[in-house]
Amino acid sequence: MIDPTDQALLTRLFTAAVKAADPKAAIAPVLPARPKGRTVVIGAGKGAAQMAVAFEALWGDPVEGVVVTRYGYGDQTRHIRVMEAAHPVPDAAGSAATAALFDAVAGLGPDDLVVALICGGGSALLPSPPAGFSLQDEQALNQALLASGAPISAMNAIRKHFSDVKGGRLAAAAHPAKVVSLVVSDVPGDDPAQVASGPTVPDATGRDVALAAINAYGIDLPDALRAYIETHAAPDPHDAVFAGHEVHVIASAALSLEAAADQAKSEGIPAVILSDAIEGEAREVAKMHGAMARECVTRARPFAPPVVILSGGETTVTLRGQGRGGRNTEFLLSLAITCDGQGGFTALAADTDGIDGSEDNAGAFVDGSTAARLRAQGRDPSMILADNDAFTAFAALNDLFSPGPTGTNVNDFRAILIR
């Protein structure tokens with residue numbers, strides 16, 4: 001059984017990390033000047049509804065617009081319409097939401113202002129396949145990308161070359177209105193053009209990068225789809241339609257990890273941040289974290305206990321089995337195997353948006369007894385990992401972490417407490 005005191009501490013660190021990305025506090029310092037004309041809000045992502053609520057509270061009237069978020073992630077706005085759609089595989093509701101965002105920015109003039117509220121998850125929530133292709137084509141692309149194990153930067157390079165909304169195309173449609181993009185970053189490096197595949201932020205990444213990623217990760221695409229990517233370029237960031245636009249990254253994993261570190265220190269436990277931009281296969285990243293945890297426990301290096309080791313970024317999962325789970329639970333199951341029988345540590349890994357993969361948990365907890373407790377139930381941890389079935393494993397142990405939708409998204413949060 002996970003030590004309840006350690007579990008409570010790790011939960012407080014997660015809460016501090018999420019609070020640091022609170023939309024209202026993040027938006028307030030970067031509110032744009034009021035326009036002579038209309039103020040139109042558009043947005044997409046798992047925290048878009050909460051960002052819209054925060055913007056309305058700060059801005060007041062008049063304001064109008066529409067944002068799209070994941071099913072179950074909506075919030076109560078006064079004027080901005082909130083639509084919901086599927087994530088991580090897009091659906092028809094997402095197509096309707098994309099059309100609504102384009103309608104919202106149609107016919108604007110140079111005295112009007114568009115405020116784009118963008119956060120993680122927007123890529124799937126804004127399907128808009130090119131002419132001649134269908135929603136089914138974009139769904140197939142998304143499923144292939146999710147199963148590939150490719151990093152988010154590679155996925156987004158491909159997505160924005162097979163879309164009529166990504167790569168700055170939504171901002172271009174608002175011309176000649178000014179567009180101010182307020183971005184909650186969930187990508188390593190905090191490049192705003194990567195968040196939600198940049199519907200309002202054009203990117204210089206060319207189709208050669210997209211094609212190289214397809215080849216490097218063995219992504220099997222239909223011939224027609226690949227041919228489209230080979231022959232169509234994303235918008236040029238230097239195009240005059242983007243002149244005068246502003247982009248602000250208002251929250252990020254770096255700030256959230258610093259807040260978690262401060263919380264740990266306030267409770268008398270030193271904290272170290274490895275990185276806010278760790279990528280790679282979740283199960284492999286876990287082995288590195290596990291080796292470090294063991295070294296700290298047994299040899300008091302590289303960090304002497306007590307200490308909390310923090311990290312963020314976005315790992316990936318190459319689907320090999322038929323199980324259930326996301327990248328954080330996969331990380332944790334691999335960590336449990338790496339540290340099987342090792343006492344003196346407890347860990348939490350969770351997605352800051354409150355959902356890990358397609359289930360209703362954000363992540364889970366592990367300690368040195370996790371693998372043994374699975375075996376006591378007749379479950380082989382290595383076989384479960386091979387089937388990508390970490391959710392089922394942690395559900396059986398009652399060790400899932402399920403805070404619900406948080407209203408923000410700054411990617412993965414990992415904390416290993418060494419006593």
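Trainee: Which residue in E4 is the bridge partner of isoleucine 42?

Mentor: In E4, that partner is alanine 116. Keep in mind that this is a predicted model.

Trainee: What makes E1 and E4 a pair?

Mentor: Pairing needs at least two bridges between the strands. E1 and strand E4 (residues 113–119) have six bridges, so they pair. The sense is parallel.

Trainee: How do you know that E1 also pairs with E2?

Mentor: Apply the cut-off of at least two bridges again. E1 and strand E2 (residues 64–70) share five bridges, so they count as a pair. This pairing is parallel. Isoleucine 42 has a bridge partner in E2 as well, valine 66.

Trainee: Why is E1 called mostly covered?

Mentor: Buried means under 20% relative accessible area. In strand E1 (residues 39–44), six of its six residues are buried. Both faces are covered. Thr39, Val41 and Gly43 are buried on one side. Val40, Ile42 and Ala44 are buried on the other.

Trainee: Which residues make the contact of H6 with H7?

Mentor: H6 gives Leu141, Asn142, Leu145 and Leu146. H7 gives Met155, Ile158 and Arg159. By class, five are nonpolar, one is polar and one is charged.

Trainee: What makes the polar one polar, and the charged one charged?

Mentor: Arg is on the charged list, so Arg159 of H7 is the charged residue.

Trainee: What angle do H9 and H10 make?

Mentor: Helix H9 (residues 207–216) and helix H10 (residues 223–231) pack at about 145°, with axes 8 Å apart. Their contact includes Leu211 and Ile214 of H9 and Ile229 of H10. By class it has four nonpolar, two polar and three charged residues.

Trainee: Is glutamate 279 buried, partly exposed or exposed, and how do you know?

Mentor: Its relative accessibility is 35%. Buried needs under 20%, and exposed needs over 50%. The value falls in between, so glutamate 279 counts as partly exposed. Glutamate 279 lies in the loop between strand E7 (271–273) and helix H12 (282–299). Among the residues it touches are Pro151, Ser153 and Glu314.

Trainee: Which class does aspartate 190 fall in, and why?

Mentor: Aspartate 190 has a relative accessible area of 22%, so it is partly exposed. The cut-off for buried is under 20%. Aspartate 190 sits in the loop between E5 and H9. Its phi is near 60°, a positive value in a residue other than glycine.

Trainee: And why does asparagine 411 get the class it has?

Mentor: Asparagine 411 has 1% relative accessibility, so it counts as buried. It lies in the loop between E11 and strand E12 (412–418). Phi of asparagine 411 is positive too, near 80°.

Trainee: One last item. What makes E7 and E11 edge strands?

Mentor: Six strands form an open sheet in the order E7-E8-E12-E9-E10-E11. E7 and strand E11 (400–401) each pair on one side only. Within that sheet, E9 and E10 pair in the antiparallel sense over five bridges.

How values were computed:
Residues numbered from 1 in each chain as written. Predicted model: local features only at pLDDT ≥ 70, side-chain atom pairs only at ≥ 80, totals over all residues. Heavy atoms only, no water. Contact = heavy atoms within 4.5 Å. Helix = DSSP H or I, 4+ residues; strand = E, 2+ residues; numbered from the N terminus. Buried < 20%, exposed > 50% of the residue type's maximum accessible area, 1.4 Å probe, protein only. Axes fitted to C-alpha atoms, helices over the stretch in contact; angles between N-to-C directions. Lists of a residue's contacts leave out its neighbours within four places in sequence.
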